[in-house]
Amino acid sequence: MERPEIPIHTNGSENDLREQVKRRKVSGGTRSDLGRQCRDTFSSLKKTCRKLGVSFWKYLNDRISQSNVIPSLGSLVLQKAHPASAY
């Protein structure tokens, strides 16, 4: 109760994992450790973008083209955590 901004339940975390479990059941997983790592990385990026209200595909294009118009996800997370702070 000292930190009311932290949810009491973990439903959000469990829902994030549910998508991976469904895909693994359907496809049988990946063929290599590198494939698993790639899948996990892109899934994490996609979910983080969704939670921050950023288009995953626009973010990906921004990073691949190196235009860096969209701020890094890390800075967006910090802005969301501390909205009064100027970054």
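Which residues does Asp62 touch, not counting residues up to four places away in sequence? In this predicted model, Asp62 touches Ser67, Asn68, Val69 and Ile70 when residues up to four places away are left aside. Asp62 lies in helix 3, and at 5% relative accessibility it counts as buried, because the cut-off for that class is under 20% relative accessible area.

The chain holds 4 helices and 0 strands, and from the N terminus on its elements run α-α-α-α. Of its 87 residues, 14% count as buried. The accessible surface comes to about 7300 Å², and carbon and sulfur atoms account for 57% of that surface. When contacts in the chain between residues at least 6 apart in sequence are considered, 30% of them join residues at least 24 apart.

Helix 3, which spans residues 56–64, has as its buried residues Phe56, Tyr59, Leu60 and Asp62. Seen down the axis of helix 3, these buried residues fall within an arc of 160 degrees, so they line one face of the helix. An α-helix has 3.6 residues a turn, and residues three or four places apart therefore point the same way. The buried residues of helix 3 pack against helix 2 and helix 4. The face turned away from this buried side carries the exposed residues Trp57, Lys58, Asn61 and Ile64.

Among the residues of that outward face, Lys58 has its place in helix 3 and counts as exposed, with a relative accessibility of 59%. The C-alpha atoms of Lys58 and Ile70 are separated by 8.4 Å, although the two residues are 12 residues apart along the chain. Gln66 has its place in the loop between helix 3 and helix 4 and is exposed, with a relative accessible area of 64%. For Asn68, phi is near 50 degrees, again a positive value in a residue other than glycine.

Open space was examined next. Rolling a probe the size of a water molecule over the atoms shows where empty space is left. The largest pocket has a volume of about 160 Å³, and its lining consists of Ser44, Lys47, Thr48, Lys51, Leu52, Val77, Lys80 and Ala81. The elements that give two or more residues to this lining are helix 2 (33–52) and helix 4 (73–81), with helix 2 giving the most, at 5 residues. By class, the lining has 3 nonpolar, 2 polar and 3 charged residues. Helix 2 and helix 4, which contribute to the pocket lining, are also the elements against which the buried residues of helix 3 pack.

Technical notes
Residues numbered from 1 in each chain as written. Predicted model: local features only at pLDDT ≥ 70, side-chain atom pairs only at ≥ 80, totals over all residues. Heavy atoms only, no water. 1 Å grid on protein atoms, 1.4 Å probe; cavity = no way out; pocket = protein on both sides within 12 Å on 5 of 7 lines; lining within 4 Å. Points joined across faces, edges and corners; volume = space filled by probe spheres on them. Nonpolar A, V, L, I, M, F, W, Y, C, P; charged D, E, K, R; others polar. Buried < 20%, exposed > 50% of the residue type's maximum accessible area, 1.4 Å probe, protein only. Arc of directions from axis to C-beta. Contact = heavy atoms within 4.5 Å. Areas by Shrake-Rupley, 256 points an atom, 1.4 Å probe, with all protein chains shown as cover.
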